[in-house]
Each structure stands twice: as C-alpha cells, then as structure tokens.
Amino acid sequence: IVDHMASAWRPEGDAFLVKAVSGCAAGENVYRFYSETIKTHLFTMDENEKNVLIGYNQPNVWRYEGVAYCADKTQTDSEQIPVYRFYSEQLKTHLYTIDSNEKNTLINWNRPDLWRYEGIAYYAYAS
C-alpha cells in the first residue's frame with residue numbers, strides 16, 4: 001500500500017501489539033474477514049459473529065481469511081489496553097483504536113450514523 005498508493009494512504013505506525021498466531025491459547029483467536037464488495041477488513045473474536053459471516057450467502061461480501069492474531073477478551077495483564085471498535089454504516093467499515101481520546105471524540109460527536117461505538121473488541125498492548 002505504501003509503495004503503490006502513497007497518495008491515498010499514510011502509514012501511522014503500529015496501532016497496537018498482539019500475540020502471534022503461534023501463541024494462541026483457546027479463546028484468543030481474532031478472526032479476519034475481507035469484503036471485496038466494500039473493500040474493507042473486519043476483525044472479530046466473537047465466534048457467533050464469525051459463524052454468521054462465514055454462513056452469509058452473498059458472494060464477495062465477507063471472505064473468511066482465518067486467524068489473524070491472538071488477543072485477550074478480558075484484561076489479563078495490567079499493561080494491556082482496550083481496543084475499541086466502531087462501525088460506520090455510512091462508510092461501511094469498522095474502525096479500531098486504542099486511543100481513548102479518539103474513542104471519546106467519536107462518541108461525543110453524537111453521530112451514530114457516522115461512527116457507532118460497538119464496545120471493546122479485545123485487549124492488546126501499546127506499541
């Protein structure tokens with residue numbers, strides 16, 4: 001992306017740190033999906049959400065890409081921080097952030113049509 005789409009995308013560095021797939025314990029899988037239709041990724045730890053998306057019968061809507069990385073559903077270490085998840089119906093994409101100021105700004109905009117807060121997706125480490 002940086003080499004071929006520099007005018008459209010600017011790297012911001014690592015957003016957060018997580019466990020490698022090889023280090024996953026039971027219940028730590030973060031599943032990755034890609035939508036060719038809306039050109040975006042979705043990450044979830046929710047088994048039900050994963051199964052619903054896998055079973056969705058619309059071509060090119062959500063393609064399951066497997067386990068992307070591992071994380072904790074609850075804070076298991078005082079160094080961990082929440083990864084907040086938002087969804088934009090207007091933009092048809094999710095936003096993930098560890099920045100509580102960004103989270104609060106999006107919530108306080110009071111524009112759920114633009115960014116609807118979905119809660120803590122999982123816990124990670126600051127980069």
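A salt bridge is a side-chain nitrogen of Lys or Arg within 4 Å of a carboxyl oxygen of Asp or Glu. By that rule, a search of the whole structure turns up 11 salt bridges. The model is predicted, so to speak of local features takes a pLDDT of at least 70, side-chain atom pairs count only at pLDDT 80 or more, and totals for chains, interfaces and linings use all residues. Residues are numbered from 1 along each chain as its sequence is written, and side-chain values use heavy atoms, with hydrogens and water left out.

**View 1. Arginine 85 meets glutamate 49.** These two side chains form a salt bridge, with 2.8 Å from N to O. The pair links distant parts of the chain, 36 residues apart: arginine 85 sits in strand 4 (residues 80-88) and glutamate 49 in helix 1 (residues 47-55). Here helices (H or I, at least four residues) and strands (E, at least two) are DSSP runs, numbered from the N terminus. Arginine 85 is buried, at 9% relative accessible area, while glutamate 49 is partly exposed at 21%. Buried means under 20% relative accessible area, exposed over 50%, and partly exposed in between (1.4 Å probe, protein chains only).

**View 2. Glutamate 118 pairs with arginine 116.** The closest N and O atoms of this salt bridge are 3.2 Å apart. Glutamate 118 is partly exposed at 33% relative accessibility, and arginine 116 is partly exposed at 39%. Shared partners join Glu49, Arg85, Arg116 and Glu118 into one network of salt bridges.

**View 3. Arginine 111 joins aspartate 113.** In this salt bridge, the closest N and O atoms lie 3.0 Å apart. Arginine 111 is partly exposed, with 37% relative accessibility; aspartate 113, at 42%, is also partly exposed.
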